Amino acid sequence: MTDRFNLYKYAAPATFYPLAGKLIPWFAAASVIFGLAGLYLGMLVAPTDFQQGEGYRIIFIHVPASWMSMFIYLVMAFWAAIGLAFNTRLSGMMAQALAPTGALMAFLSLWTGALWGKPMWGAWWVWDARLTSELILLFLYIGYMALTAAIDDPRRADKAGGLLLLVGVVNVPIIYFSVKWWNTLHQGSTVNLTKSSMATTMLYGMLLMALCFWMYSIAVAFMRVRTIMLERERHTDWVKAELEGDAR
Amino acid sequence: MIYWNSFADFIHMGGYGLYVWGSFGVNVLIMAIEPIVVTRNQKATKARLKRQIRAESRSTE
């Protein structure tokens, strides 16, 4: 027997299902630990912002939620491309499992942005390039979910949804660079690889929160993908064995 | 270490309390509810699939 690491083996739902099940508690625990550390730094230790007062603390969730909303979409588009190119079973399930979490992240980004915008700009919403493209991202998520839910055959749903994801991916760089390309009301990026315009505690607090959101998204997506796997592979022996082994 | 002088200061958030806690509150709510909904869906799916498998095995016997 060869003990070589085989990627195809882990891409098979029968092996990925138990693996994801084992990993979920670890990602959930990591999310809680990063979240508590991030909240401690961001909410309790970090000093105030000289321009925005305490209202700036909203960015500790606004920025991670916005990053995740874009990143999850890119991951979904990646899975869509793999699925369309190689016709793999797992890719469509992954994209579907990520979509609701991505949509919630986009919603959170807009919600926290509105609650920041009201005291800072005097408006809950403006039709600024950054805000509008983020709203389009939310609609792309909702459109993807509606489209895949409307098609009964999961393989066809994956193909149609995948196409939508790939067309919509053009929106992500638009969101990201909107603050450079247009004269937006939304401020430019605060975190930069070379230099950052934030105090160290603020920066670490935000990065910890980003890790928290990242781990959370993985945990929830794994939970959801397991349900999708059972549903789609219900006629296979491994699902039958899995359900019978489940005594409760 | 801790920036705040009192708990009341912390809640007040320098006058931005409503906006800050409105943001964090909704965030926490979503991150608490989403896993619950996903877990419930999984339980319901498992129960339904088990019923289906049982019904199928009965019909083939």
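This is a predicted model: local features need pLDDT of at least 70, side-chain atom pairs count only at pLDDT 80 or more; totals for chains, interfaces and linings use all residues.
Is M13(B) buried or exposed?

Chain B has an average pLDDT of 91, and 98% of its residues score at least 70. For the complex, the predictor reports an ipTM of 0.91 and a pTM of 0.91.

Now turn to chain A. Of the 248 residues in chain A, 40% are buried.

Two pairs of helices show how chain A is put together. Start with α2(A), which covers residues 13-45, and α8(A), which covers residues 200-232. Their axes come within 7 Å and cross at roughly 155°. Angles over 145 degrees count as roughly antiparallel, and that is why α2(A) is described as roughly antiparallel to α8(A). The contact of α2(A) with α8(A) has 26 nonpolar, 7 polar and 1 charged residues. As for handedness, α2(A) passes α8(A) in a left-handed crossing.

The second pair is α3(A), residues 59-86, and α7(A), residues 171-181. Here the axes come within 10 Å, and the crossing angle is again roughly 155°, so α3(A) and α7(A) are roughly antiparallel to each other too. The crossing of α3(A) past α7(A) is left-handed. Which residues meet here? From α3(A) come M70(A), Y73(A) and L74(A), and from α7(A) come V172(A), I175(A) and Y176(A). The residues of this contact are 6 nonpolar, with no polar and no charged ones.

Next, let's zoom in on single residues. R224(A) sits in helix α8 of chain A. It counts as buried because 26 C-beta neighbours lie inside 10 Å. Leaving aside residues up to four places away in sequence, R224(A) touches A97(A) and V38(B), so you can see one partner in each chain. Another pair to find is R224(A) and A30(A): they are 194 residues apart along the chain, and their C-alpha atoms are separated by 18 Å.

N87(A) is exposed, because 12 other C-beta atoms lie within 10 Å.

The touch between R224(A) and V38(B) leads us to where the chains meet. How many residues does each chain bring to the contact? Chain B gives 27 residues and chain A gives 32. On the side of chain B that touches chain A, the residues divide into 16 nonpolar, 8 polar and 3 charged.

Finally, back to M13(B), which lies in the loop between α1 and α2 of chain B. The opening question now has its answer: M13(B) is buried, because 20 other C-beta atoms lie within 10 Å.

Key
Residues are numbered from 1 along each chain as its sequence is written. Chains are lettered from A and ligands numbered from 1 in the order in which they are written. pLDDT is the predictor's confidence in each residue, from 0 to 100. Axes are lines fitted to C-alpha atoms, for helices over the stretch in contact, and angles run from 0 to 180 degrees between N-to-C directions. Helices (H or I, at least four residues) and strands (E, at least two) are DSSP runs, numbered from the N terminus. Angles under 35 degrees count as roughly parallel, over 145 as roughly antiparallel, 65 to 115 as roughly perpendicular and the rest as oblique. A crossing is left-handed if the near helix is turned anticlockwise from the far one by less than a right angle, and right-handed if clockwise. Two residues are in contact if their C-beta atoms, placed from the backbone, lie within 7 Å. Ala, Val, Leu, Ile, Met, Phe, Trp, Tyr, Cys and Pro count as nonpolar, Asp, Glu, Lys and Arg as charged, and the others, Gly among them, as polar.
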